[in-house]
Amino acid sequence: MAERSAPRCCLGWDFSTQQVKVVAVDAELNVFYEDSVNFDRDLPEFGTQGGVHVHQDGLTVTSPVLMWVQALDSILEKMKTSGFDFSRVLALSGAGQQHGSIYWKAGARQVLTSLSPDLPLCEQLQACFSIGDCPVWMDSSTTTQCHQLEAAVGGAQALSDLTGSRAYERFTGNQIAKIYQQNPEAYSHTERISLVSSFAASLFLGSYCPIDYSDGSGMNLLHIQDKVWSQACLHACAPHLEEKLGPPVPSCSVTGAISCYYVQRYGFSPECKVVAFTGDNPASLAGMRLEEGDIAVSLGTSDTLFLWLQEPTPALEGHIFCNPVDPQHYMALLCFKNGSLMREKIRDESASCSWSEFSKALQCTEMGNGGNLGFYFDVMEITPEMIGRHRFSAENREVSAFPKDVEVRALIEGQFLAKRIHAEGLGYRVMPRTKILATGGASCNRDILQVLADVFGAPVYVTDTANSACVGSAYRAFHGLAAGTDVPFSEVVKLAPSPRLAATPSPGASQVYAALLPRYAQLEQRILSQSRGLPE
């Protein structure tokens, strides 16, 4: 039979802000096919910029739901034209931009379950949504609803203890509350609310797909310890919300077989399984194959930390989500706004606009920088909330300037000390087997990575993560096939390409930074206290 001789494969999808992308991964975990549809370029009829519509208030940001449906139609047709053999797909999973929400109109389930293979999806789903333009993660128009939610549950820390994060404007519960308050008619006509991830999965399933625990953690609605919707949060946001959301499921759940629409229109096997879709950040954790105690550092325009946590301690900063590949554990995200742009500024000011000179400055200065510490926030930082440049001598005296080489090291050490301090604030601990995975632009600079290894006291690896959410989704599809929770994810992905070792801690590093970490934390608190004490 043809199916028997064709290679096994899984598809990984990513419904991101600017595009829909797909990869096919074979049983040896090699990517052998990829394709994408860019919203602005390929679907200009929707009039998006960067995949979104920014409204006149500058705060409301939405995307047309039918654009995502049209993109799926387009990419499947491209695959069909290229001769892609859908019959060899054993399972598929995917990722969606986090926090965005889709509002299915009453009667939509009936349409989903009876799709005609003769027509594209977009044509058949035209009238299925009570909200045509859906709020996405860039939206920041729900400050009022955030205050209401925090007040209803006993404050920001209480909400974080429950749901893993204090109230954030982009988080879905606050977006739902705004729609209920401002458009009650559309809300009352909604029979199901999906995240972008569970919406995309529903398209493949031909039925409403549940929200998974991991992406559900980005809503300010899920009780992350008990993995059920928090009644207090639901009641604070909108009535009848629990039935509109449906029960959440483990991220590795097989939610069913693919809709017969895809079998008849594209030649998928009727046995092809749909594994729960999750958020793009959790899917990236899977794509980077993080394990317990590991940490991923994305060194980009802003720097992002992905942490694997066993015992989380939710705080007023950062986010804790249920772990997408191990339902007993957690993951955390921390975002630092002053990333590569700050590194480039100090390079230009103190290293003659040259990365080579920047590296030389790191090489010729000692670990610990003679006790000199610096904070460099040219834009308002989020972790923690502070702005400005602050330099301190070994005696904790604030000074106006450092020598150029000292300035370069103070910046890089300061950035990584802050990351370790705030990671530990969420319950992270460096373990003997900890690996640090570095990605993003600065991960090609070995001297920067050496400081990272020294500050954390753990080896640093680099890997290509250009498609980490997509590839992670394909890995998760294989994991779902392998009985999910009964088989460790690490066992399923052991054949995947290994990351490359880039730096190991220097001798003596742990002693140097053990002394600097508490000093840095105290100085950070001093700056915060001073800035809060200033008159408005």
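Helices, of at least four residues, and strands, of at least two, are taken here as DSSP runs and numbered from the N terminus. In these terms, the largest share of the lining of the second largest pocket in this predicted model comes from H20, which contributes 3 residues. This pocket has a volume of about 350 Å³ and is lined by 19 residues, of which Gly287, Thr463, Asp464, Val471 and Tyr475 lie nearest its centre. Strand S3 (31–38) and helix H20 (468–481) are the elements that give two or more residues to the lining.

A search of the whole structure finds 22 aromatic pairs. One of these, formed by tryptophan 104 and phenylalanine 129, is tilted, with a distance of 4.9 Å centre to centre and an angle of 40° between the planes. The pair links distant parts of the chain, 25 residues apart, since tryptophan 104 belongs to strand S7 (residues 101–105), whereas phenylalanine 129 is in the loop between helix H5 (121–124) and strand S8 (133–135). Both tryptophan 104 and phenylalanine 129 are buried. A further pair, that of tyrosine 262 and phenylalanine 268, is edge-to-face, with 6.2 Å centre to centre and 90° between the planes. Tyrosine 262 has a relative accessible area of 0% and is therefore classed as buried, and phenylalanine 268, with a relative accessible area of 2%, is likewise buried. Tyr262 and Phe268 also belong to one aromatic cluster, formed together with Trp13, Phe32, Tyr33, Phe84, Phe86, Phe204, Tyr261, Tyr266 and Phe277.

Charged side chains are also placed over aromatic rings. Arginine 88 lies over the face of phenylalanine 84, at 5.3 Å from the ring centre, and phenylalanine 84 is itself among the residues of the aromatic cluster. Elsewhere, the charged end of lysine 419 sits over the ring of phenylalanine 336, 4.5 Å from its centre.

The loop between strand S6 (89–96) and S7 contains glutamine 97, and histidine 99 lies in the loop between S6 and S7 as well. Glutamine 97 is classed as buried because its relative accessible area is 1%, which falls under the cut-off of 20%, and its side chain reaches the backbone oxygen of serine 16 at 3.3 Å. Histidine 99 has a positive phi of about 85° although it is not a glycine; with a relative accessible area of 7%, histidine 99 is also buried.

A positive phi is likewise found at cysteine 353, a residue other than glycine, where the value is near 60°. Cysteine 353 is placed in the loop between helix H16 (340–350) and helix H17 (355–364). In contrast to the buried histidine 99, cysteine 353 is exposed, its relative accessible area being 52%, a value over the 50% that marks exposure. A further backbone feature is the peptide bond from threonine 383 to proline 384, which is cis, with omega near -5°. Proline 384 is located in the loop between strand S19 (373–377) and strand S20 (388–392).

Terms used:
Residues numbered from 1 in each chain as written. Predicted model: local features only at pLDDT ≥ 70, side-chain atom pairs only at ≥ 80, totals over all residues. Heavy atoms only, no water. Phe/Tyr/Trp six-rings, centres within 6.5 Å; stacked < 30°, edge-to-face > 60°. Buried < 20%, exposed > 50% of the residue type's maximum accessible area, 1.4 Å probe, protein only. Lys NZ or Arg CZ within 6 Å of the ring centre and 35° of its normal. 1 Å grid on protein atoms, 1.4 Å probe; cavity = no way out; pocket = protein on both sides within 12 Å on 5 of 7 lines; lining within 4 Å. Points joined across faces, edges and corners; volume = space filled by probe spheres on them. Polar contact = N/O pair within 3.5 Å; in protein donor to acceptor, adjacent residues only side chain to side chain.
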